[in-house]
Amino acid sequence: MRTFRVWLVAAAVVAAFAIPLPTVAQQKSDTAPPPPKLEKLEEGEPPAVTIRPRDKRAKITQKRAPGGKVTEVKVTTGGSTYVVKSNDQAGSALPGDAQSSTMRPAQWEVLEFDLGKSREAKEAEEAQAGTLPAPPQAPATAAPKK
């Protein structure tokens, strides 16, 4: 009980000396110097960075769920294509669980094969392959003697 009173008195003394100091520091003085005179600056060199307009060949395709939620975005620009899909939580996973990750990276299309080529395209490829020169014949080797 006595230590409580000692601490209470000590806090009151500290507060009594600490309160008047900030109020004195906030008082305005009437002898403030005038602001400095502004000078006109000369034009400098233009920046070395060139900002190009957005690529007009870029194509963005979105797929939406029946509720209007974006489920997939496919971006095709230049020679690259990537797909970003929404991160739906699996089953009864709650946000922050080990099963529900908040990260889902973009999927880049590296190579794309057309396995269902038309017959005409196959025939054209075979005809083009027929125009190539045949590989050189290997020299005939003599049969081993018995």
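**View 1. Strand 1 and strand 2 of the predicted model are joined by six bridges and run antiparallel.** Strands are DSSP runs of E with at least two residues, helices are DSSP runs of H or I with at least four residues, and both are numbered from the N terminus. Two strands are taken to pair if DSSP finds at least two bridges between them. Within this pair, Thr-61 stands opposite Lys-74 of strand 2. The hairpin that the two strands form has five residues between the strands, and Gly-68 there takes a positive phi near 95°. The model is predicted, so local features need pLDDT of at least 70 and side-chain atom pairs count only at pLDDT 80 or more, whereas totals for chains, interfaces and linings use all residues. Residues are numbered from 1 along each chain as its sequence is written, and side-chain values use heavy atoms, with hydrogens and water left out.

View 2. The pairing is antiparallel and extends over six bridges. Thr-77 stands opposite Ser-80 in strand 3.

**View 3. The four strands form an open sheet in the order 1-2-3-4, with antiparallel pairing.** Strand 1 (59-64) and strand 4 stand at the edges, and each has a single partner strand, so one side of each lacks a neighbour in the sheet. Strand 3 and strand 4 run antiparallel and are joined by two bridges. Val-83 has Gln-107 of strand 4 as its bridge partner. Along the sequence, the protein chain follows the pattern α-α-β-β-β-β-α.

**View 4. Glu-72 is found in strand 2 (residues 70-77).** Glu-72 counts as buried because its relative accessibility is 17%; buried means under 20% relative accessible area, exposed means over 50%, and partly exposed lies in between (1.4 Å probe, protein chains only). Contact means heavy atoms within 4.5 Å. Residues up to four places away in sequence aside, Glu-72 touches Thr-61, Gln-62, Lys-63, Val-83, Val-84 and Lys-85. In the protein chain of 146 residues, buried residues make up 5%.

**View 5. Thr-71 and Ser-86 are 15 residues apart in sequence and 5.1 Å apart in space, C-alpha to C-alpha.** Thr-71 is found in strand 2 and, at 28% relative accessibility, counts as partly exposed. Ser-86 lies in the loop between strand 3 (80-85) and strand 4 (107-108) and counts as buried, with a relative accessibility of 18%. Leaving aside neighbours within four places in sequence, Ser-86 is in contact with Val-70, Thr-71 and Arg-104. Beyond residues up to four places away in sequence, Thr-71 touches Lys-63, Arg-64, Ala-65, Val-84, Lys-85 and Ser-86.

**View 6. Val-110, Leu-111, Phe-113 and Leu-115 make a nonpolar surface patch of about 580 Å².** Patches are made of residues with over 30% relative accessible area and no salt bridge; like charges are joined within 9 Å, and nonpolar side chains (Val, Leu, Ile, Met, Phe, Trp, Tyr) within 5 Å. A salt bridge is a side-chain nitrogen of Lys or Arg within 4 Å of a carboxyl oxygen of Asp or Glu. Leu-111 is placed in the loop between strand 4 and helix 3 (119-130) and is exposed, with a relative accessible area of 67%. The accessible surface of the protein chain comes to about 14,900 Å², of which 60% belongs to carbon and sulfur atoms. Accessible areas come from the Shrake-Rupley method with a 1.4 Å probe; for residues, only the protein chains shown count as cover.
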